[in-house]
Amino acid sequence: MRLATTANQAYTASLAVSELLGCKQCGGGRGQDEELGIRIPRPLGHGPSRFIPEKEILQVGSEDAQMHALFADSFAALGRLDNITLVMVFHPQYLESFLKTQHYLLQMDGPLPLHYRHYIGIMAAARHQCSYLVNLHVNDFLHVGGDPKWLNGLENAPQKLQNLGELNKVLAHRPWLITKEHIEGLLKAEEHSWSLAELVHAVVLLTHYHSLASFTFGCGISPEIHCDGGHTFRPPSVSNYCICDITNGNHSVDEMQVNSAGNVSVSDSFFEVEALMEKMRQLQECRDEEEASQEEMASRFEIEKRESMFVFSSDDEEVTPARDVSRHFEDTSYGYKDFSRHGMHVPTFRVQDYCWEDHGYSLVNRLYPDVGQLIDEKFHIAYNLTYNTMAMHKDVDTSMLRRAIWNYIHCMFGIRYDDYDYGEINQLLDRSFKVYIKTVVCTPEKVTKRMYDSFWRQFKHSEKVHVNLLLIEARMQAELLYALRAITRYMT
């Protein structure tokens with residue numbers, strides 16, 4: 001296959017580089033780098049993720065023919081295999097849908113020119129101070145002919161893109177505040193006006209990259225070696241660490257059997273899994289025996305919504321954005337605030353009145369053909385994805401747990417499902433898990449390895465990556481619902 005050949009050629013080239021830069025330690029060369037005075041960059045991290053041992057990711061990527069095909073397709077489309085792809089490979093069915101959607105948004109026919117698409121990606125990622133995504137799209141922006149002056153700051157971009165800054169800001173941090181007036185301001189800006197089709201394309205890109213920033217921080221994605229923060233020129237500090245290790249990806253210096261459970265004993269985390277399994281069983285029995293009234297269900301939603309405001313981390317402190325990121329957006333002090341604080345009252349968004357399946361999907365597909373279908377497929381794969389396992393248990397129906405995670409995220413955004421009992425959330429999601437969810441979804445730049453390690457301590461890394469897929473898709477859908485409802489109200 002042609003795509004596979006492309007990827008194989010890249011791999012062969014990397015092997016040639018490793019042979020050229022062989023070291024004295026393993027006899028692979030004569031230390032030409034020293035003779036020529038070349039400073040060889042060394043990876044600052046160890047693998048695609050700071051949270052997941054590199055060996056686990058490499059092991060997954062070497063097992064499956066489907067994964068090899070996905071890697072080849074990604075390499076052919078982007079000219080690279082980024083670390084996000086390497087971590088998502090734990091779930092190839094989702095990865096395939098994700099890559100297909102992203103490729104369509106960035107490279108296929110659409111209302112917006114290519115350089116606008118990458119610049120909007122930069123604007124969206126910058127709102128969460130995600131330098132990883134900003135750097136990727138700065139390179140892509142320049143590659144498709146974008147004006148380098150725009151990268152000096154948002155004020156140097158066309159007024160039309162500057163006008164998008166307010167929608168980007170509200171959508172990223174407080175989407176429940178979006179109104180039809182925001183939409184009208186963009187569509188009636190005289191010579192700087194957006195068309196409806198362009199605006200829908202822009203909204204999808206903004207929500208895609210806000211969510212992808214959540215995944216980047218939630219999984220501890222490391223910068224690639226050629227990017228800022230991805231390398232160092234300092235010599236290795238361990239005597240038996242050679243240049244061949246670097247070029248072959250075997251940087252195992254601090255992978256000393258890192259236990260994601262931290263200092264918690266295996267038996268303690270084992271009992272946590274058993275307790276969660278028992279709660280799921282009890283909840284299913286209660287469902288079968290009796291059903292709460294509509295009034296009780298509404299009351300439980302309000303209780304959960306209020307409680308979600310008081311979920312915060314002890315690490316919850318302001319993160320000052322770096323200049324190279326903050327110049328791509330305005331109002332750097334604007335961030336996430338719970339919607340019911342400071343006397344504000346935001347009406348509950350009832351899914352029965354406006355939902356993705358009946359309203360959002362058709363609006364997107366009408367104004368930006370085929371994208372609605374691609375996004376819908378991605379939502380469904382993330383929501384329904386299961387291997388019927390939980391930690392060490394097999395043949396488990398995890399649908400109750402997946403729905404609790406999804407609905408908790410929407411609850412934090414003020415979105416309610418009339419047919420869901422929100423009392424289940426407190427039964428299934430403990431406080432450390434809620435802290436992680438809220439941080440990844442609302443303030444992803446504040447995620448720490450301690451947060452990642454502290455929830456589901458006996459679960460596999462692949463299961464935690466799956467959690468992140470649920471988080472980013474639920475977040476993207478919540479943002480889209482608010483934005484598309486505002487567009488619908490403007491149109492009617």
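Accessible areas were computed by the Shrake-Rupley method with a 1.4 Å probe, and for residues only the protein chains shown count as cover. On this basis the chain exposes about 22,200 Å², of which carbon and sulfur atoms supply 51%. The model is predicted: local features require pLDDT of at least 70, side-chain atom pairs count only at pLDDT 80 or more, and totals for chains, interfaces and linings use all residues. Residues are numbered from 1 along each chain as its sequence is written, and side-chain values use heavy atoms, with hydrogens and water left out.

The chain contains 23 helices and 6 strands, taken as DSSP runs numbered from the N terminus (helices H or I, at least four residues; strands E, at least two). Of its 492 residues, 53% are buried (under 20% relative accessible area; exposed is over 50%, and partly exposed lies in between; 1.4 Å probe, protein chains only). Contacts are defined by heavy atoms within 4.5 Å. Among contacts between residues at least 6 apart in sequence, 77% join residues at least 24 apart.

Helix 21 comprises the 12 residues 431-442. Its expected span, 1.5 Å times one less than its number of residues, is 16 Å, which agrees with the 16 Å between its end C-alpha atoms.

Rings of Phe, Tyr and Trp (its six-membered ring) were paired if their centres lie within 6.5 Å, with planes under 30 degrees apart counted as stacked, over 60 as edge-to-face and the rest as tilted. The whole structure holds 23 aromatic pairs. The ring centres of Phe349 and Tyr482 are 5.0 Å apart and the planes lie at 80°, so this pair is edge-to-face. The pair links distant parts of the chain, with Phe349 in strand 3 (residues 349-350) and Tyr482 in helix 23, 133 residues apart. Phe349 is buried at a relative accessible area of 0%, and Tyr482 is buried at 1%. Tyr420 and Tyr422 form another edge-to-face pair, with 4.9 Å centre to centre and 90° between the planes.

Met392, in the loop between strand 4 (389-390) and strand 5 (393-394), is partly exposed, with a relative accessible area of 37%.
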